[in-house]
Amino acid sequence: MSGQKSCRASNLNENEINDLVWRLQALLPRLNRRTDSRVSVSKILKETCSHIKKLQKEVEELSERVIELMESADITEIDEESLRRLLLH
Amino acid sequence: MTPIIPTANNPASATKLRFARRFLRSLSKMSKTRPSCPSSICVKKRSEGLKMAAYWCMARSVGSRRAWSRAILMKLSRGRQQHPHHHNFSMKRKIRRPTWLGKTKKKQKKKRNITCSSSSYDDEDEEEIMKRQTEKLREVVPGGKLMDICSLLEETAHFVTCLADQVHVMQTIAHRYS
């Protein structure tokens with residue numbers, strides 16, 4: 001019964017998709033605290049989009065800031081070792 | 001100089017450190033080519049170039065094992081090929097930039113006031129909303145338009161993690177300079 005088979009396949013897919021969407025929720029700072037209440041899939045997707053846009057905007061602003069700072073400071077002051085220590089702690 | 005050894009139980013930080021090293025190298029290249037009297041337009045162009053360099057460095061650090069990083073590398077290397085004499089991405093010619101590389105600051109168009117009345121949402125299917133949100137996600141994730149839904153969700157999770165790492169490294173550098 002190809003009809004039943006496709007129905008089972010689509011069920012599996014749905015579970016897989018739901019699983020991936022819950023994993024996304026764990027990455028979103030505004031939604032991952034509320035683990036007890038169920039958040040809808042569409043809300044998670046919407047929040048993911050706005051989170052990505054927010055991060056992209058931060059990259060843009062940080063690029064501007066670093067360029068402005070570059071005019072005054074000397075880059076060779078930051079060595080990889082001190083940056084590694086800053087990032088790991 | 002001690003080599004940067006990634007910790008085995010935290011592979012995410014290995015990518016982060018690779019990105020940090022590459023990004024620092026880009027920064028030092030850019031600082032050597034800085035103009036003596038920078039105009040505001042020049043600063044704007046250089047910060048655009050640095051932004052592109054950041055995405056390039058992150059995509060290089062992840063390598064070709066992810067569809068989103070491959071998409072970034074392909075898109076940005078095309079830009080580089082058109083301007084081989086530019087070490088950084090100074091984008092002199094207007095190339096149509098995909099939304100996943102972030103939009104340049106433009107005058108914001110006045111948004112239409114869409115009043116979200118509850119009745120309109122009742123009429124709309126949950127499936128319709130899902131479809132719409134998925135399409136929006138495809139636009140912001142590099143290479144998203146070519147992926148099936150499962151790959152899209154997986155790639156999005158990895159992309160979000162790496163983007164957050166990228167922001168953290170850039171914040172650390174900015175904080176260190178200031």
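This is a predicted model: local features need pLDDT of at least 70, side-chain atom pairs count only at pLDDT 80 or more; totals for chains, interfaces and linings use all residues.
**Close-ups of the salt bridges**

**View 1. A salt bridge brings together K44(B) and E64(A)**. Look at how much of K44(B) shows: its relative accessible area is 33%, so K44(B) counts as partly exposed.

**View 2. Now stay inside chain B, where D165(B) pairs up with K16(B)**. The closest N and O atoms of this salt bridge are 4.0 Å apart. Here the pair links distant parts of the chain, since D165(B) belongs to helix α6 (residues 149–177) and K16(B) to helix α1 (residues 11–32), 149 residues apart. Are these two buried or exposed? Both D165(B) and K16(B) are buried.

**View 3. R66(B) and E155(B) make another salt bridge**. This time the closest N and O atoms lie 3.5 Å from each other. R66(B) is in the loop between α2 and α3 of chain B and E155(B) is in helix α6 of chain B, so the bridge ties together parts that are 89 residues apart in sequence. E155(B) has a relative accessibility of 8%, and because buried means under 20%, E155(B) counts as buried.

**View 4. E60(A), E48(B) and K51(B) form one network**.

Notes: Residues are numbered from 1 along each chain as its sequence is written. Chains are lettered from A and ligands numbered from 1 in the order in which they are written. Side-chain values use heavy atoms; hydrogens and water are left out. A salt bridge is a side-chain nitrogen of Lys or Arg within 4 Å of a carboxyl oxygen of Asp or Glu. Buried means under 20% relative accessible area, exposed over 50%, partly exposed in between (1.4 Å probe, protein chains only). Helices (H or I, at least four residues) and strands (E, at least two) are DSSP runs, numbered from the N terminus.
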